[in-house]
Amino acid sequence: MSTLPKSVASPPPTSIEDVQARADSRRIPINKVGIKDVYHPVRVKDRSAGEQHTIANFNMYVALPHNFKGTHMSRFVELLHGNEREISVESFRDILAQMTEKLNAQTGHIEMEFPFFVMKKAPVSGVESLMNYQASLIGELHNGVSELWLKVVVAATSLCPCSKDISKYGAHNQRSHITIKAKVDGHMWLEELIDIAESEASCEVYGILKRADEKHVTERAYENPKFVEDIVRDVAVRMNNEDRVRAYVVEAENFESIHNHSAYALIEKDKDEVVGL
């Protein structure tokens, strides 16, 4: 009669050294250490439809004191997966706080970039089409104080004032990218920043245009010529008058139609520094 071999008991688990927690003797702190380009589902509230589902690209960092060799990279991903299946804008600040606590850090930084869609109506025909924009939430936490930035990149039309003035007929125009990055105090819709950018361009762009719409936007741009300098200044005026915005960076890049280069301008302002807070 054959006998089965007795099961061999597994040896007790041995502890594995936490190499990242070793002391470091170089006495050089690291400003940002973490992970980049992690994709995760998110839910974003919008002004019209209530909510949209999209995919965000995350960059997550903490500051590392000089006496630690490294940080725990896996904890960043665990944090994303440990939250709700789809991260919402409302949970963004909580995740920032959880990240710094989980990694024993005084300073944390999260960037969440995602495509954002707005349904737009053509100006004459009223035909509807979706416009996509690149949007970001950027959160920073330092010694328990958090800051939230909103960022949008908006495509628009610009028409050159110089070309219009010196030409017998016509004027060259181009597609522009207007970027607004705003540190906000309180709730602000992404669409509000998009509206500001589009209203201060020579003209908006649309997903679908019929002939009557094309005539309208062409003439609208011709009647409203702007340099990149005009665009960033006009947007800055709007941001200066917005009490919920505590700081901002405004950029305009015109992808020139008659040059092999772009025209570019930038304005940045911290209102709290101006008023001495």
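Me: How many aromatic pairs does the rule count?
Reply: The count is zero. A pair requires ring centres of Phe, Tyr or Trp (its six-membered ring) within 6.5 Å, with planes under 30 degrees apart called stacked, over 60 edge-to-face and the rest tilted. The model is predicted: local features need pLDDT of at least 70 and side-chain atom pairs pLDDT 80 or more, while totals for chains, interfaces and linings use all residues. Residues are numbered from 1 along each chain as its sequence is written, and side-chain values use heavy atoms, leaving out hydrogens and water.

Me: What makes K120 count as lying over the face of Y206?
Reply: A charge sits over a ring if NZ of Lys or CZ of Arg is within 6 Å of the ring centre and within 35 degrees of the ring normal. K120 lies over the face of Y206 at 4.3 Å from the ring centre, and K181 lies over that of W149 at 5.0 Å.

Me: Why is T157 called buried?
Reply: Buried means under 20% relative accessible area, exposed over 50%, and partly exposed in between (1.4 Å probe, protein chains only). T157 has 17%, and therefore counts as buried. Leaving aside neighbours within four places in sequence, T157 is in contact (heavy atoms within 4.5 Å) with residues including N173, A201 and V205.

Me: Which class of accessibility does N104 fall into?
Reply: N104 has 66% relative accessibility, so it counts as exposed. Phi of N104 is near 55°, a positive value in a residue other than glycine.
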